Amino acid sequence: MKGGFCTLKRKSQTLSLFSSEQLPPAPEKPSSKKKAQSVVRKLKTKKKKKAAPAPKAKMADAPVALPGRFPQTRYRGSKLRLLDWIVATLAPFWTESVLDAFGGTGAVSYRFKQEGKAVTYNDLLPCNFQFGRALIENTQVQLSDKELTDWLLPTEGKTYPTWIKDTFADIYFTDEENAWLDRVVTDLNDFTCDYKKAIAFFALAQACISKRPFNLFHRKNLYLRTSAVERTFGNKSTWDRPFPDAVRRFVDEANQAIFSGAKSCVAVQHDAAEVPGSFDLVYADPPYISKKGTSTDYADLYHFLNGICDYDAWPKQLDHKSKHRRLLRQASPWTDKQKISDAFDTLFGAYPGSVLAVSYRSDGIPSIDELSALMKRHRAHVEVHPYGAYQYALSTNKSSEEVLLVGYDK
Ligand SMILES: C[S@@+](CC[C@H](N)C(=O)[O-])C[C@H]1O[C@@H](n2cnc3c(N)ncnc32)[C@H](O)[C@@H]1O
């Protein structure tokens, strides 16, 4: 047995200002489908664009010292850089309990937890639920160096399966890395403490994301990493960083992020409109559909991590017809431009009495006017707060702005 029970290791709480060190790294730019050489050539000649400047916080007050430090992430759509503005905008509605209905990385929940709220982190994807469990619900359990080392070492005499190595050859990682993944994913089950397992999973998932071109699992494009060409772009060293080193770094980041909030917080995994309980505030940051109708299917972009979450069931869930071996697709109204308005309507009707807050883009489907009208069907007052141009990590869209809608009755 490698993983221990949830022995509680109390860490002295660090007070840190929300600072630029917490900003996510500069995005890797997506490209279209091309042969290895032409893509690499394009990357070689492309002038490095300056990362979008961090938006200025619009808070009048000086930054407040907050406990913990949220780990770096390259997850798509993270609100990490907008947290000060979101918190300042919601301050007049600030009460005790908050549901973060589309939790993603947990960045927003984490900030709510830092603000002393009773947070319910929710996300439908199994991989994200584990992030919420590790960083939001967990108050003090850390993964020790010994536990980490034990997990990463093979168990003597144990025969490991070869599912990832056999199924994902030449798709995302090298053969050697795939075999390593088969082993450490199998040994995740040795953790008897859910929080330790969640921290280990969090670190493994972040390591996988960091080693992927574009930080996604949307294409078979290992060749971008392995092509023997002279390179002038900088991500190769991150892609080639050995898995154990990357995992160690993310375990460190997770360990130092863990703190006990003023109120108890939980992580759950439901459809956003079906989270049990009642909440003073429901914050929703759903997947966004652009006005061209392009949606973001998170289950598709991160299917490999969801496979890892349920290793034994992975073969049954695999779409064998897809070149990049994604999981079988499940229909979602949040990725369907014909159904997304109804999904918002259902969501707004699901939490009577709660203040509703929705993050969306000004050029999306539905439009902000439509969204506002939808919210007015459920709440007496609706406020629309535009942020100003803000560009997401990994996005090339510079023409839309971030908007926060708030609906309330009194
Ligand atoms: C824009 S991201 C949220 C990002 C998050 N605010 C952050 O800062 O990391 C949208 C999230 O919604 C989740 N999601 C998609 N459909 C969902 C559903 N029906 N119910 C709950 N979560 C869902 C996705 O897994 C994704 O993590």
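Colleague: Is Gln130 buried or exposed in this structure?

Modeller: The model is a predicted one. A residue counts as buried if 20 or more other C-beta atoms lie within 10 Å of its own. Gln130 has 27 other C-beta atoms within 10 Å, and it is therefore buried.

Colleague: Where does Gln130 lie, and which residues is it in contact with beyond its neighbours within four places in sequence?

Modeller: Gln130 lies in helix α4. Leaving aside those sequence neighbours, Gln130 is in contact with Ala198, Phe201, Phe202 and Cys309. Take Phe202: 72 residues separate it from Gln130 in sequence, yet the C-alpha to C-alpha separation in space is 6.8 Å.

Colleague: Which residues of α4 and α8 meet?

Modeller: From α4 come Cys127, Gln130, Phe131, Arg133 and Ala134; from α8 come Asp194, Tyr195, Ala198, Ile199, Phe201, Phe202 and Ala205. Sorted by class, this contact comprises nine nonpolar, one polar and two charged residues.

Colleague: Turning to the ligand, which residues around it come nearest?

Modeller: There are 22 residues around the ligand, and Gly77, Phe102, Gly104, Thr105 and Ala272 come nearest. The shell divides into eleven nonpolar, seven polar and four charged residues.

Conventions: Residues numbered from 1 in each chain as written. Predicted model: local features only at pLDDT ≥ 70, side-chain atom pairs only at ≥ 80, totals over all residues. Near = placed C-beta within 6 Å. Nonpolar A, V, L, I, M, F, W, Y, C, P; charged D, E, K, R; others polar. Contact = placed C-beta atoms within 7 Å. Helix = DSSP H or I, 4+ residues; strand = E, 2+ residues; numbered from the N terminus. Buried ≥ 20, exposed ≤ 12 C-beta atoms within 10 Å, placed from the backbone.
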